[in-house]
Structures are given as structure tokens and as C-alpha cells.
Amino acid sequence: MEKQMDESVENQSQTHVAEEQESEIVTEGSAVVHGEPSQDGSVPPKVDSEAEVLDEKVSKQIIKEGHGSKPSKYATCFLHYRVWTKNSQHKFEDTWKEQQPIELVIGKEKKELAGLAIGVSSMKSGERALVHVGWELAYGKEGNFSFPNVPPMADLLYEVEVIGFDETKEGKARSDMTVEERIGAADRRKMDGNSLFKEEKLEEAMQQYEMAIAYMGDDFMFQLYGKYQDMALAVKNPCHLNMAACLIKLKRYDEAIGHCNIVLTEEEKNPKALFRRGKAKAELGQTESARDDFRKAQKYAPDDNAIRRELRAVAEQEKAVYQKQKEMYKGMFKGKEEGSAKAKTLNWLILLWQWLVSLFSGIFRRDRVKAD
């Protein structure tokens with residue numbers, strides 16, 4: 001399935017899954033770039049690094065170092081974040097759950113995101129930090145009573161990760177782009193990701209794929225139909241597929257399944273999505289469900305050798321499990337049989353003893369009668 005990663009990444013053939021060499025196809029990123037933070041995200045992370053004061057009302061603690069330069073004014077930044085009220089630690093927003101990063105144009109942000117923008121402008125690509133924002137640069141004195149619901153005068157804590165950014169003179173938001181511009185921008189990101197992947201710059205490649213996906217958000221896709229929808233899917237779905245391939249390599253199988261499911265929602269007969277979902281399920285020990293996915297993939301790509309190999313591997317795995325169980329039960333039954341044999345021998349000895357006692361008792365009684 002993974003014979004040619006560049007073809008796998010760029011093309012979305014419904015009829016062929018490239019020859020598999022998982023070490024090549026499966027990787028565009030690192031767990032620290034795209035992945036979930038180590039904690040479950042229900043509460044703010046505990047960070048030991050020294051706080052850097054960025055503004056009178058904004059400070060930052062680095063969780064993970066980034067690389068490269070920092071975004072300048074009007075740069076379009078792509079990021080994930082979780083945000084809590086500082087006092088109550090109530091979480092009211094989490095973009096990681098949506099599997100789609102948001103964009104923030106530095107210098108053109110909404111008023112309530114002014115503090116976040118100060119934090120983001122100090123961060124490099126791939127950096128993750130805990131940003132402390134005072135209420136004056138957040139939702140203000142009155143807070144917000146709609147969505148999100150934020151109490152009055154609430155200081156905030158952002159766990160934020162900068163995936164990457166576009167440097168432009170005037171900073172053009174996705175919402176201001178034409179359909180062609182958005183698809184073109186996403187495609188360039190995808191191509192950049194392919195090039196980085198070939199150079200084994202895995203973290204940077206992962207960032208490019210995720211930013212490409214950000215251009216193809218649900219709000220945008222819902223508006224498309226006909227050729228524009230096809231054009232967008234031809235960019236978006238390969239990015240999800242290669243994200244899944246990377247996540248399998250990183251042993252984050254549940255996340256990989258999630259990306260495959262996104263593709264299969266749009267293209268239920270996509271053999272690559274079925275194949276990679278099957279791979280992830282097999283690694284999780286869900287052999288029956290994995291076999292179903294591989295068989296479906298084989299139906300749409302009947303000549304693919306990688307699918308045949310995975311079906312054989314699943315069969316061998318099930319055979320090994322069956323053999324192991326057989327040996328285990330055989331040992332149990334053998335123990336029972338040995339115990340049963342010992343019990344039978346003991347029973348015969350008891351019966352023999354009882355017969356001998358009865359025999360001698362009868363002889364003794366007859367001799368006694370004669371004597372009387």
C-alpha cells in the first residue's frame with residue numbers, strides 16, 4: 001500500500017492502493033506536533049517552565065519548544081487550543097476535539113482574542129504553550145453569555161499549539177478567499193508536505209498537511225457541490241489519509257481510525273481509507289473488524305498485494321491466538337484427566353480394601369459359629 005509515498009499522498013485513486021512499505025508511506029509527523037497533550041485535557045496542564053511576561057496582562061509558559069521564526073503582523077496562523085477560566089478551571093472551548101485547526105490573523109483578531117494573539121505572536125511553529133490572559137484582553141468586564149459562555153471579568157488559561165503560519169503582507173483570512181484560492185492554498189500546503197516528507201522532515205510535513213485540512217473546513221465544504229466539491233476532496237482526503245498513515249506509525253491507532261472515518265464519510269469505497277483503518281484496528285487487536293475492512297478494500301482494489309498480505313497476517317494472528325488457547329485448554333484438561341485417573345485408582349483401592357475386610361469378616365463369623 002505504501003510503495004510510493006508521494007503518489008499515495010498526492011493521488012486518491014479509487015482503484016489501486018500502492019504497494020505497501022509502511023516505513024515509507026506512513027509518516028508525516030511527530031506525536032508532539034499534531035497529537036493530543038499528555039493529559040486528558042479536562043484541566044489545564046501543569047507546567048514547570050518559567051513564565052515569560054509578554055504584556056501587562058499576558059504571560060506564557062512553554063510546554064514544548066517550536067522551530068523556525070515567529071509570525072509577524074498580519075501573518076495567518078493555524079493553531080489548536082483549549083481554554084479554561086482561570087479561577088474555576090471551567091473548560092469552554094477545545095479545537096482538538098473538532099480535528100480541525102482554527103486560523104488567527106495577527107493584528108486582525110477579534111477583540112476577545114487579543115490576549116491570545118499576543119501569545120501566538122511570540123510562538124514558533126510546532127510550539128505548545130500555556131498562555132495566561134487577563135480579562136481585559138479577553139471577554140472583558142461583562143464576559144460572554146452566548147457561546148462560548150464566559151463569566152464577567154474572567155482571566156483565561158489557553159493551552160495553545162501553533163501548527164504553522166502563512167506570512168503575507170496584508171494577511172488574507174480563509175473567509176475572504178475565493179473557492180479557487182482556498183483550494184489552491186490547501187493544495188500548495190499538501191505539496192509542501194509531500195516534499196518535506198521525502199526529506200524526512202516529519203514534523204514540518206505534518207504541519208503542512210494539517211494546515212491544508214484547515215483550508216478545507218466543514219463550513220467551507222458544506223457550501224461546495226459539483227466540480228468544486230470534487231476539487232476540494234481531491235486535496236482534503238489525501239491529507240487525512242496520510243495523517244492516518246503517520247498516526248499508525250506513531251502507534252496512535254484511534255486517531256488514525258478517526259481520519260480514515262472522515263474520508264469514508266465522503267467516499268465509502270476508498271480502498272486506502274479502508275486499508276489503513278484495517279491496519280489500525282488490527283494493531284488494536286480488533287481482528288474481526290480489521291478483516292472486514294481489508295475485504296472491503298480488496299473488493300475495490302482486487303489486485304493489490306498489500307491487502308492480500310494483511311489478510312494473511314490477520315489469519316495468522318487468529319491462528320496463533322487459537323493455537324495458544326488450544327494449548328492452554330489442553331493443559332487444563334490434561335490436569336483434569338490426570339486427577340481423574342488418580343481418583344479412579346484410589347476408588348479401586350478402597351473397593352478392594354472393603355472387599356477384603358468383608359471377606360475376612362465373613363470367615364471370622366463362620367468360624368465363630370462352628371466353635372459355639
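**Figure 1. Salt bridge between K60 and E127.** K60 pairs with E127 in a salt bridge (a side-chain nitrogen of Lys or Arg within 4 Å of a carboxyl oxygen of Asp or Glu), with 2.9 Å between the closest N and O atoms. The two residues come from distant parts of the chain, 67 residues apart, K60 lying in strand β2 (residues 58-64) and E127 in the loop between α4 (114-121) and β6. Helices (H or I, at least four residues) and strands (E, at least two) are DSSP runs numbered from the N terminus. K60 and E127 are buried, where buried means under 20% relative accessible area, exposed over 50%, and partly exposed in between, with a 1.4 Å probe and protein chains only. The model is predicted, so that local features need pLDDT of at least 70 and side-chain atom pairs count only at pLDDT 80 or more, while totals for chains, interfaces and linings use all residues. Residues are numbered from 1 along each chain as its sequence is written, and side-chain values use heavy atoms, with hydrogens and water left out.

Figure 2. R277 forms a salt bridge with D293, their closest N and O atoms being 2.8 Å apart; because R277 lies in helix α10 (residues 271-283) and D293 in helix α11 (residues 287-300), the pair ties together parts that are 16 residues apart in sequence. Both R277 and D293 are buried. K279 and E310 also meet through their side chains in a salt bridge, at 3.1 Å from N to O, and this pair links K279 in helix α10 with E310 in helix α12 (residues 305-371), 31 residues apart. Both K279 and E310 are buried.

**Figure 3. Helix α6.** Of the 14 residues in α6, 11 are buried, among them M206, Y209, M211 and I213.

Figure 4. F147 and P148 are joined by a cis peptide bond with omega of about -5°, and P148 is placed in the loop between β6 (128-133) and β7 (156-166). Q89, which is not a glycine, has a positive phi of about 55° and belongs to the loop between β3 (76-85) and β4 (91-94). K251, likewise not a glycine, has a positive phi of about 65° and is found in the loop between α8 (226-249) and α9. Q89 is partly exposed at 39% relative accessibility, whereas K251 is exposed at 61%.
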